[in-house]
Amino acid sequence: MGPTFRASMNWLHTWSGVVLGSLLFAIFWMGTLSVFDKEIDRWMMPASRLALPPDFSYETMRPAYLAALAAKSPSVLLLVPNQRNPVITALWRGPDGSFAQHLFDPGTGAELPDQGTLGGSRFIYPFHYSLNLKVLGLGYWVVGLCGMMMMVLCVSGVVIHRKIFVDFFTFRPERKIRRATLDLHNVAGVLGLPFHVVISVSGLVILFSLYFPSSIWAVYRQDARLFGREAYGSYVRPPAKRAADLISLDAIVAKAKSVWGQGEPNYLYVFNPGDSASYVQLNRASADVVSNISYVAYVDGTTGELLSASRPEKPAALTQRFIAGLHFIQFEHWTLRWLYFVLGLAGCVLIATGLLFWVESRRDRHRRLGRSGARVVEAVTVASVTGILIATLAFMVTNRALPAGASVLGVERGAIEVSVFHLAWLLTLLHAWASTGRAWIGQCWMISGLASLAVLLNAVTTGDHLIKTIATPQLWSVAGVDATLLIAAFIAIRVALRLARGARPDAASLQGADQR
Amino acid sequence: MTKTLARTALAILGGYLGTSAFIAALAMIAVATVGMERSEAATLGSMLGFLIYLGVIIWSFAEPALVRVALWLGGVTALSLAVVFLLRPVAS
């Protein structure tokens, strides 16, 4: 692939980057947004912008449990409300076998009306790790390969940069756009390197048993299902087929807390509901620890006895949980949460500038030789960078423009939002192809317009305008989303103006180059 | 072009199969020799898989002779599979 190690790494970096850059950008963008998936949920589900009751009783979750029981679901997952997600979220299987999510008021326990959206936690977040491609679990494998290649890009990127220390301080925005692009690529890459490496490794390690199951198969052979029990102490028992009521949920939580001491559970997972062999799995919320599973307890649903309790104590399992926790960021730390967000954006900048550099350094040559490579990659790059931003904003604008119960041609709003996302994304690609060279400017204007429109629509449809949301602590999640949208709109305007100013002399110099 | 595709396939698919076979053998050896708990050996092997795979991909693109990449990957896979199927799994 090249005469020297560095030359072959240069080749590998260039080509894996240009082939996978678009997908990597989508994964990084959606992952960055997922840092605030719950806040986006609040923004897209106005009825869930609730205050957490100061003295929450776990019995408030009983109506949610009873609703699942009435639906004859074999199990029900009840998420405990918290500051970021101040609603009782219940997930159970409907009669048709599909999983459905229902929200309940944390104060009264009453079911909230269907919010008619997948929101941040069921569209944006799963897009991040599966591209929402469910066929044969294909999405997981594509994302997994991208994660591996991100590590390959990090390693090869370091190898080909001799002047890693100098790149720390080198940014020449006033120079030619190609030089500035490379500088920005280097700054984002070098400063963000630890983050990019850790976030790629940890993302893969979360799904270790999916991506590298061979070691489990080898040592367990036919009893591979014992792995979960031995590694994490999972507990299973079949229903007894005798009806029985679930005892007080407060008593069940108290039992679990008697084992792990301080700390509330983040969920109650009721298995065999309504059966005398019902049992509840509880996990201690990882508010104050990195690991996303810190302590699991199983409590008998009819007797209230402790069935099993375990915490990952074995070194490898503990390491896996810690690394996964680094990626899940379920700990309560606002500074770190924002840092993840900013570093995620730095990753987006890194990928986008890498793609741009590829285009910028080939555009003239390809045009002279009549080759379409640079033009194709540029159009795809525009659609994957500004395009996915536009698609995301269109998704959010649709949510605020249509009422929750709206349906068009029998399609409900939740599905319409997703269709609008895909349609808008496709249109940005067509636009990028049609207006080569000026597509960035047009799409930046589009971003600023849609972001401002989203903020306006939120204020009009819910009455929660920015001044009110900033003054009300329970609406800070909405304030955060609105403020971020406005900042995005502002930056997009600046970029559009700057590009428009630079576009003309740049075009002239290109023509000059062509004549020579 | 054909050579590039062959190298890419070898690195990505061959590398994945080779790594999978190798970590399976590694986990079995860890259980058999130092008596590591089997859930621990499986988890550790799996996690090491990502690092080994990374190294294999990088090396597959850096090694000038494609034949050598194919022979090494084939050899390690065969040897690892032999260990996996000849060594008896130990119940812990």
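The side chains of Asn85(A) and Arg42(A) are joined by a polar contact of 2.9 Å, a term for a pair of N or O atoms within 3.5 Å in which, within protein, one atom must be able to donate a hydrogen and the other to accept it, while residues adjacent in sequence count only if both atoms are side-chain atoms. The table sets this contact beside another made by the side chain of Asn85(A).

| Side chain | Partner side chain | Polar contact |
|---|---|---|
| Asn85(A) | Arg42(A) | 2.9 Å |
| Asn85(A) | Thr89(A) | 3.5 Å |

The model is predicted, with local features needing pLDDT of at least 70 and side-chain atom pairs counting only at pLDDT 80 or more, whereas totals for chains, interfaces and linings use all residues. Residues are numbered from 1 along each chain as its sequence is written, chains are lettered from A in the order in which they are written, and side-chain values use heavy atoms, leaving out hydrogens and water.

Asn85(A) lies in the loop between strand E1 (75-79) and strand E2 (88-93) of chain A, strands being DSSP runs of E with at least two residues. Asn85(A) has a relative accessible area of 8% and is therefore buried, that is, under 20% (1.4 Å probe, protein chains only).

Turning to the interface, 37 residues of chain A are in contact with 34 residues of chain B, where contact means heavy atoms within 4.5 Å. Between chain A and chain B there are three salt bridges, each a side-chain nitrogen of Lys or Arg within 4 Å of a carboxyl oxygen of Asp or Glu. Glu230(A) and Arg38(B) form a salt bridge through their side chains, at 2.8 Å from N to O.

Key
Helices (H or I, at least four residues) and strands (E, at least two) are DSSP runs, numbered from the N terminus. Buried means under 20% relative accessible area, exposed over 50%, partly exposed in between (1.4 Å probe, protein chains only).
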